[in-house]
Amino acid sequence: GSAKPGHSEHQTGLAVDVMGSNNSYYDFEFSDEFEWMRDNAYKYGFIKRYPDNKIEITGVNNEPWHYRYVGVDAALEMQKKGLCLEEYIETLK
């Protein structure tokens, strides 16, 4: 599904959709580029925004192509602890 008008993370300028050399969002999860993003994106401050094991928390189905910039420090902590953005924000309260 798509976000309602005015409610997309892309409008913040902090979110990107990544496509592999196969030119498909839906096959991205099976690409070499996905493996690289999974293993390295956090080092540059990006997180996979909607992981498949956090659907009940994010309220959004798995989107392996959707990454959000949160900064290197936050991304590193989220990676170490296995947190999605909603869980990380709760640790800041």
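The predicted model contains an open sheet of 3 strands in the order β1-β3-β2, with antiparallel pairing; strands are DSSP runs of E with at least two residues, helices are runs of H or I with at least four, and both are numbered from the N terminus. Two strands are taken as paired if DSSP finds at least two bridges between them. Because β1 (15–17) and β2 (46–50) stand at the edges with a single partner strand each, one side of each is left without a neighbour in the sheet. Neighbouring strands of this sheet are turned by 40° against each other on average, direction ignored, where axes are lines fitted to C-alpha atoms and angles between N-to-C directions run from 0 to 180 degrees. Residues are numbered from 1 along each chain as its sequence is written. As the model is predicted, local features need pLDDT of at least 70 and side-chain atom pairs count only at pLDDT 80 or more, while totals for chains, interfaces and linings use all residues; side-chain values use heavy atoms, without hydrogens and water.

The chain has 4 helices and 3 strands, which follow the pattern β-α-β-α-β-α-α along the sequence. Of its 93 residues, 34% count as buried, meaning under 20% relative accessible area, with exposed over 50% and partly exposed in between (1.4 Å probe, protein chains only). Among contacts with a separation of 6 or more, 52% are between residues 24 or more positions apart; a contact requires heavy atoms within 4.5 Å.

The antiparallel strands β1 and β3 are joined by 3 bridges, and Ala15 has Arg68 in β3 as its bridge partner. Arg68 counts as buried because its relative accessibility is 17%. Leaving aside neighbours within four places in sequence, the contacts of Arg68 include Glu9, Leu14, Ala15, Phe46 and Leu85. The C-alpha atoms of Arg68 and Ala41, 27 residues apart along the chain, are separated by 9.6 Å. Ala41 lies in the loop between α1 (32–40) and β2 and is buried, at 4% relative accessibility. Not counting residues up to four places away in sequence, Ala41 touches Trp36, Phe46 and Tyr67.

Tyr69 belongs to strand β3 (residues 63–69) and counts as partly exposed, at 36% relative accessibility. Together with Leu14 and Val72, Tyr69 makes a nonpolar surface patch of about 220 Å².

Notes:
Patch = residues over 30% accessible without salt bridge, like charges linked within 9 Å, V, L, I, M, F, W, Y side chains within 5 Å. Areas by Shrake-Rupley, 256 points an atom, 1.4 Å probe, with all protein chains shown as cover. Salt bridge = Lys/Arg side-chain N within 4 Å of Asp/Glu carboxyl O.
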